[in-house]
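Subject: Structure handover

Hi,

Here is the structure I promised to pass on. Please open it alongside this note, and then read on for what turned up.

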Amino acid sequence: MTSTPSVLFVCVHNAGRSQMAQGLLTHLAGDAIEVRSAGTEPAEAINPAAVEAMAELGIDITTQTPKILTPDTVQTSTVVITMGCGDTCPYFPGVDYRDWKLDDPAGKGVAAVRPIRDEIRKRVEQLISELLTTGDAHTSVSS
């Protein structure tokens, strides 16, 4: 048994927002938090503007690929953060769901993606602070 919290970022295409969030959380938290991302309708490739915006921070997300969301991935997560996928994410009791309302970077250039990236970074930093100071990740889930 591990007490390492697990975070799953979910958006429709798993090509922009969720990939940037995964890259930022992995970069900032290292092995302290397990990080995954998935999409309800994965794209063929990661958004090039998202790749460029992340590279500006020294974070390489080019090795990531869009992945399909599975019930098991949701069920084994401590926190599931949705980013525009609405009700298509499966629900499991005991999983902490959060919805981050963020602009969709699809079809936008890097100048328009930077503010989205920066907002994701702020939220990821808050999430790290919360998850790594609670001691036991399960204390944040109550019924």
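pLDDT is the predictor's confidence in each residue, on a scale from 0 to 100. You need that term here, since this is a predicted model. The protein chain averages a pLDDT of 88. Of its residues, 87% score at least 70. One stretch to treat separately is residues 136-143, where pLDDT stays under 50. For that stretch the model has eight contacts beyond four places in sequence.

**Overall layout**

The protein chain has 143 residues, and 46% of them count as buried. It contains four helices and four strands. Read from the N terminus, the order of elements is β-α-β-α-α-β-β-α. Take the contacts in the protein chain with a separation of 6 or more: 70% of them come from residues 24 or more positions apart.

**The sheet**

The four strands make an open sheet. Their order across it is S2-S1-S3-S4, and the pairing is parallel. S2 (34-39) and S4 are the edge strands. Each has a single partner strand, so one side of each is left without a neighbour in the sheet. From one strand to the next, the twist averages 20°.

Strand S1 covers residues 6-11 and is joined to S2 by six bridges. These two strands run parallel.

**Salt bridges**

The count comes to 11 salt bridges. Here are some to find on screen.

Start at Arg98. Its side chain meets that of Asp96 in a salt bridge, at 2.7 Å from N to O. Asp96 is buried, with a relative accessible area of 15%. Arg98 also forms a salt bridge with Glu130, at 2.5 Å from N to O.

Next, look within H4. The side chains of Arg121 and Glu125 meet in a salt bridge at 3.0 Å, N to O. The two residues are four apart in helix H4, so about one helical turn separates them. Both ends are partly exposed: Arg121 has 27% relative accessibility, and Glu125 has 38%.

There is also a network. Salt bridges link Glu56, Arg114, Arg117 and Asp118.

**Thr133**

Is Thr133 buried or exposed? Thr133 is exposed, with a relative accessible area of 62%. This residue lies in helix H4. Its side chain reaches the backbone oxygen of Ser129 at 2.5 Å. The side chain of Thr133 also reaches the backbone oxygen of Glu130, at 3.5 Å. Glu130 is also the salt-bridge partner of Arg98 mentioned above.

Best wishes

Definitions and conventions:
Residues numbered from 1 in each chain as written. Predicted model: local features only at pLDDT ≥ 70, side-chain atom pairs only at ≥ 80, totals over all residues. Heavy atoms only, no water. Salt bridge = Lys/Arg side-chain N within 4 Å of Asp/Glu carboxyl O. Buried < 20%, exposed > 50% of the residue type's maximum accessible area, 1.4 Å probe, protein only. Polar contact = N/O pair within 3.5 Å; in protein donor to acceptor, adjacent residues only side chain to side chain. Contact = heavy atoms within 4.5 Å. Pairing = 2+ DSSP bridges. Axes fitted to C-alpha atoms, helices over the stretch in contact; angles between N-to-C directions.
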